[in-house]
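Open the model in your viewer and keep the selection panel at hand.

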Amino acid sequence: MTLRAADAPVIEPGPDQRWSTWTSVTRGQRGPDPRPDWVVTADAALDTELGVLKTGKEADVFLVERAVPGDPDRTSLLAAKRYRGRDHRQFHRDAEYTDGRRVRRTRDQRAIEDRKSAWGRAMAATQWASAEFSALGALWDAGAPVPYPVQIDGTELLMEFVGGVTGDGAYQAAPRLARARPDRELLADWFDQLRDAMGVIARLGWAHGDLSPYNVLVDGADDGGRLVIIDVPQIVDLVANPFGADLLHRDCRTMCAWFASRGLDVDADELFADVFAQAW
């Protein structure tokens, strides 16, 4: 270890570590105020990569600890979602979701539409990351059950880790709704939570667009469970996107099919009518 003149240790990032990127991004690339108390903003913090949480069609998600060495009061766990370029992802229905969505600079928009150029592929990945970061910020402000978006840096989105610690000290992400086997009373409560969450999204004029039991987490399942909606890069504008109502209806059918398969009497058309009415 290298020592300073006063014999104070010099801390340098080790393997799978980097200095916190909080101060290297602009204010507009940070999550909405007021920030939760657990968000670590110190210059002295280190980001330590702890492993893979999920591999997906358009991005991989890693577990990252952001902490100030030696200060247990300034530590947090983050989910780092890193988007791939178009060459390395399998999200082929971009146009269905992005119809009505534009970027600020026409040069960048033309690049995105040019799938053959390296710049276009890079801009497309950045567009998806930025869309998810912006959507999470607006949804969080509106009270929707989504992870808090901490910051965005290029194609990397850092957000709240939804999960906990097992009895042996291992970190464990909250389970997906698809894996849950709740009793009837809890099932009804979860459906109410889902309907309320979809209503919050609709009041912003949006639909999730790709909602399924695989992108809904059950946080604190041992204590009843709080549903948390994730994976919102394809959030759909119900007005500007001509497919908006159809995608919302598909969300309703998908989710109702899961609840019905567990024994709850639900109707997708009724859910759609309830949620869609809140958009106006």
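**The largest pocket**

The largest pocket holds about 620 Å³ of space. A pocket here is an open set of points on a 1 Å grid over the protein atoms alone, with protein on both sides within 12 Å along at least five of seven lines; lining residues have an atom within 4 Å of a point. Select Val162, Ala173, Ala174, Pro175 and Leu217, which of the 31 lining residues are the closest to the pocket centre. By class, this lining has 16 nonpolar, 5 polar and 10 charged residues.

This is a predicted model, in which local features need pLDDT of at least 70 and side-chain atom pairs count only at pLDDT 80 or more, while totals for chains, interfaces and linings use all residues. Residues are numbered from 1 along each chain as its sequence is written, and side-chain values use heavy atoms, with hydrogens and water left out.

**The cavity**

Next, select Met198, Ile201, Ala202, Trp206, Ala207, His208, Leu211, Leu248, Asp251 and Val275, the lining of the largest cavity. A cavity is a set of grid points where a 1.4 Å probe fits but cannot get out. The volume of the largest cavity is about 40 Å³. Its lining has 8 nonpolar, 1 polar and 1 charged residues.

**A surface stop**

Finally, select Val165, which lies in strand E7 (residues 163-165); strands are DSSP runs of at least two residues, numbered from the N terminus. Val165 counts as exposed because its relative accessibility is 54%, and exposed means over 50% with a 1.4 Å probe, protein chains only.

Technical notes. Helix = DSSP H or I, 4+ residues; strand = E, 2+ residues; numbered from the N terminus. Buried < 20%, exposed > 50% of the residue type's maximum accessible area, 1.4 Å probe, protein only. Points joined across faces, edges and corners; volume = space filled by probe spheres on them. Nonpolar A, V, L, I, M, F, W, Y, C, P; charged D, E, K, R; others polar.
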